Amino acid sequence: MAKVAFIGLGVMGYPMAGHLLKKGGHELTVYNRNAAKAAAWVKEYGAGKTAATPAEAAKDQDFVFSCVGNDDDLRSVTLGKDGAFEGMRKGATFIDKRASCMPLQRPRASAFSMRQYRAARRVQRTAC
């Protein structure tokens, strides 16, 4: 049983996270920008837990899944303040449901650390 974070509980993400919990038997932590939706997911599935930020959700997890609607939102939940890449441990795997090849521009020094930028570039190369 793996420790899994699931970020984004929209039309696709909500049942996908449920499938990982019920069919896969994994230990799940969920995050959604609308905290009430994450709480409703935990209540509906009767297991798992919620996190206040993507970084908190990703902390100490084996896998971090993302099911986020557009590239700007994906950048926000991965690279933004308290983004998932901040909380991920070394060796954890990040999976975006779209396997998107979003273009990542080199960030301004004040916006992101180079560690975050390099991690995002590795994810982009792996997904493409």
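Hi everyone. First, some ground rules: the model is predicted, local features need pLDDT of at least 70, side-chain atom pairs count only at pLDDT 80 or more, and totals for chains, interfaces and linings use all residues. Residues are numbered from 1 along each chain as its sequence is written, and side-chain values use heavy atoms, with hydrogens and water left out.

That score, pLDDT, is the predictor's confidence in each residue, from 0 to 100. The protein chain averages 82, and 76% of the residues score at least 70. Over residues 100-112 the pLDDT is below 50, yet this stretch has 25 contacts in the model beyond near neighbours in sequence; a contact means heavy atoms within 4.5 Å.

Now to helix H2, residues 35-45. Helices here are DSSP runs of H or I with at least four residues, strands are runs of E with at least two, and both are numbered from the N terminus. Which residues of H2 are buried? They are Ala38, Trp41, Val42 and Tyr45. Buried means under 20% relative accessible area, exposed over 50%, and partly exposed in between, using a 1.4 Å probe and protein chains only. Seen down the axis of H2, the buried residues fall within an arc of 95 degrees, so they line one face of the helix. The arc is taken from the directions from the helix axis to the C-beta atoms. Ala36, Lys43 and Glu44 are exposed, on the face turned away from the buried side.

What covers the buried residues of H2? The cover includes helix H1 (13-22), strand S2 (27-31) and strand S3 (49-50). After H2 comes Gly46, with a positive phi near 65 degrees.

H1 has buried residues too: Gly13, Tyr14, Ala17, Gly18, Leu20 and Leu21. Their arc, down the axis of H1, is 160 degrees, so these residues also line one face of their helix. They pack against strand S1 (3-7), S2, H2 and strand S4 (63-66).

Finally, the rings. Rings of Phe, Tyr and Trp (its six-membered ring) pair if their centres lie within 6.5 Å; planes under 30 degrees apart count as stacked, over 60 as edge-to-face, and the rest as tilted. That gives four aromatic pairs. In one of them, Tyr14 and Tyr45 have ring centres 6.2 Å apart and planes at 50 degrees, so the pair is tilted. Tyr14 lies in H1 and Tyr45 in H2, so the pair ties together parts 31 residues apart in sequence. Ring pairs also link Tyr14, Trp41 and Tyr45 into a cluster.
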